[in-house]
Amino acid sequence: MNINNPTRTIWLKEGDPTIIQVIDQRILPHKLEIVDLKNYQEVVFAIKDMIVRGAPLIGVSAAYGLYLASLEAPEESTAFDAFINKASEELLATRPTAVNLHWAINKSLQAISHGINPQAKINIAIEIANKIAEEDVENCRKIGEFGLDIFKDILSRKNPGETLNILTHCNAGWLACVEWGTATSPIYHAHSSNLPIHVWVDETRPRNQGFNLTAWELGKAGVSHTLLVDNAGGHLMQHEKVDIIIVGADRIARNGDAANKIGTYLKALAAYDNKIPFYVAAPSSSIDWNIKDGIREIAIEERHNDEVKYINGWEGDTLRRVLIAPENSPAANYGFDVTPARLITGIITERGIWEASEEGLVGMFPGR
Ligand code: MRU
């Protein structure tokens, strides 16, 4: 997908492959700034502070973080391995909900372990990070093709000339991945196929990924969209202004329950009440085969309550933070919620569209 500049969210610096470059997502949409990540500790900070965020991108960043760790590690073999293990533990501890982080680190560690000496391990670390990034691009592209079929099907049942109204929550866009996005990939495919689409973009408090990131992406791509405060979706659904909801996922349990940004569950409930299809789009790296029951077992990140009590805005050329609640009131900041499988119409992965259930998921990935 080449409509963006930069075209990707993460890459090796031109002329210096010891530096990883990413977009600073904390200051979008106001400023497009590229950040250099020069060692694994900077990758740890970038994930924790949400310079990079979104489940697939967190995983890819961690894989590049391990590559940077391999460059920093001592040359002696045992000390090298110990350094890599310590780095992987720190990377794993950055954010708890997106399983892509564990998936990418395990995949990298396994590959690196086959290197016969530290130099061979460095070569493998960069190869596997690049491979994980490329796979994510391809998986998201395929998700877009499968999702496009769903959009076409719904449009075929509307009157000629009518628009397909899509609602999405948070940012499951190319900024959350490497390219394309998950929930946005069918949207970009539909847009380039000239289908009449319009996207309702949920604000997504407290960090406003919908307004800051999804709206920015869609605007740059020329996709028609409208901003919505988080609580407006139910009203629109009651008034037939939403044809389909499509969201991403940070972790999908074996039973099809899906964790995504806080507020997703409420959208799914309203969709169910109004008989509106609700799809979850995610690559297989977001499926946690070890978790049987998403609601009971998926770890939900709790972030600092300042994110609830303060809001960021752009004034002049500065990002300002203002208090929006009584300073001394306690606040809770749950980052994610889990939508039960029974409320999900289907899960779209790189293998197709499947029922949100253990049978559906295992049917899609036989042998799991
Ligand atoms: O806290 P974030 O911004 O990392 O949360 C992101 C989301 O919840 C996304 O919807 C999810 O990671 C899917 S991204 C393709």
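Domain bounds here come from an automatic or database domain assignment. The model is predicted: local features need pLDDT of at least 70, side-chain atom pairs count only at pLDDT 80 or more, and totals for chains, interfaces and linings use all residues. Residues are numbered from 1 along each chain as its sequence is written, and side-chain values use heavy atoms, without hydrogens or water.

Start with the largest pocket. A pocket is an open set of points on a 1 Å grid over the protein atoms alone, where a 1.4 Å probe fits, with protein on both sides within 12 Å along at least five of seven lines; lining residues have an atom within 4 Å of a point. Domain 1 (10-135) and domain 2 (142-364) both contribute to the lining of the largest pocket, so this pocket lies between them. Its volume is about 510 Å³, counted as the space filled by probe spheres set on points joined across faces, edges and corners. The lining has 25 residues, and Arg 26, Arg 207, Glu 307, Asn 312 and Leu 319 are the closest to the centre. Strand 12 supplies the largest share, four residues. Strands (E, at least two residues) and helices (H or I, at least four) are DSSP runs, numbered from the N terminus.

Now the second largest pocket. Its volume is about 360 Å³. Both domain 1 and domain 2 give residues to its lining, so the second largest pocket also lies between them. Of its 16 lining residues, Trp 103, Ser 284, Ile 287, Trp 289 and Arg 368 lie nearest the centre. Helix 4 gives the most, with four residues.
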